Amino acid sequence: MELFAFTREYVERLREGDPSTELHFVTYFDQLLRIKLRARMLASETVEDLRQETYIRVLVKLREDGIRQPERLGAFVNSTCNNVLMEFYRSCSRTSPWDDCYLEMPDHAVDTEGFLITRQMKERVRQVIGELPKKDRDLLRALFLEDKDKDEVCKQFGVDRDYFRVLLHRAKDKFRVLYEIDREARSGEGSSKGAA
Amino acid sequence: MDHNEAVRLQAAEKYVLGKLPKEQHAEYEEHYFDCSACAEEIKATVAFMEGARQVVREKDLEPVGERAPAGFFNWLRPAFAVPVLAALLLFIGYQNEVTIPRLKHSSSQIGQIMSSSFQLRGGVRGGNESGDALNTVRVRLGESFALNFDFTPTGTFSEYVWQLQNKAGRAVKSGHISGDKKYQAVSLNMAGGVESAGKYNLVFFGSADGAGQTANESETQRLTFTVEFLQ
């Protein structure tokens, strides 16, 4: 797997408004910001607004002042998003104290509903789930479909919540291996086309 | 929190399941924004969770009478396997002859599928001008993007057909949505983007015969937005 490291040159290109760098920046942080904001059970339009606001502030700040540690661009985006969130909560308390912007999920679970899943990703998930033992498949089905408390479902299956976490960890690792193979195949196709 | 600690804690799974203690929650958020390995880890975890949710839901929507207790491998039963394999062979042949060559021509679009996404508001039949005015999609010419919206059609159909219509009312893209997506958050990929800026309507029709045949009177939802091209 190819990991990405932010560099001074990258941040400079971002400051100068290089379109491909901007596209990479948004693509890289898009899901991270959604994940962070969704963990706070905000309405989807609020998530979009706060995400956009974070991008704007990061880019404006970069263009005005730059950042001292370009390699820590991710931490900078995160702290900017924290500031945007704080301001959002403050504005809620000023306008309507009982607004649903205060309804955080009690356990901070991430609401994954509506995340963009490509067809290929879904096929790989299907493959991984298909290879699970029946009990694990039934457990996933119960946890995702039945409108029951997760602890109750785990009790019904004679497992604890840690079992579900470990199951998720193993299944996700298999999915990730398959998905990386797909991604490398796609990038291989792209580079061979580029060379042609 | 450092990378080793995040791995040791299986922090990605705990975070997604809401099982990270409060003090570690913020630390892990700070970490995954700063560590590309953990960023990939959390993205994969969320993708798997949502993919699993969708796969499990699809399976659950099968008619009860046709479902065998075996669960996910139902389709391997002999009664289904023979026609399924025959259909699969036809499908593979079609892919080799038609789909793959076409995809090769549009490969430049494939890498952009998840580049930008936009939330559309409004969306009752006939449009909601005050809400629609807020819907702006800012992309580059030809850039792929995704449209996220709540699918709230009027009427109930087994399948819906969507059309992306330009300001002249001409359909520039189209596709299908299963009826079970009604009242759910839906994402549509606009691969290859659009060729001109301006006002667009994302219009949904009930498919009366399930074969994609629509009539204007079966319009069930309309979302209006404006495309602005970035320089």
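Let's start with chain B. Strand 2 of chain B and strand 8 (residues 219-229) of chain B run parallel, joined by four bridges. Strands here are DSSP runs of E, at least two residues; helices are runs of H or I, at least four; both are numbered from the N terminus. Two strands pair if DSSP finds at least two bridges between them. One bridge to note: Arg138(B) partners Glu228(B) in strand 8 of chain B.

A word on the source. This is a predicted model, where local features need pLDDT of at least 70, side-chain atom pairs need 80 or more, and totals for chains, interfaces and linings use all residues. Residues count from 1 along each chain as its sequence is written, and chains are lettered from A, ligands numbered from 1, in the order written.

Back to strand 2 of chain B, residues 136-139. Its side chains alternate. Val137(B) and Val139(B) point to one face and are buried. Buried means 20 or more other C-beta atoms within 10 Å of the residue's own, with C-beta atoms placed from the backbone.

Now chain A. Eight helices, zero strands. Of its 196 residues, 27% are buried.

Take helix 5 of chain A, residues 119-130. Which of its residues are buried? Met121(A), Arg124(A), Val125(A), Val128(A) and Ile129(A). They cover an arc of only 135 degrees around the axis, so they sit on the same side of helix 5 of chain A. That arc is taken from the directions from the helix axis to the C-beta atoms.

Technical notes: Buried ≥ 20, exposed ≤ 12 C-beta atoms within 10 Å, placed from the backbone.
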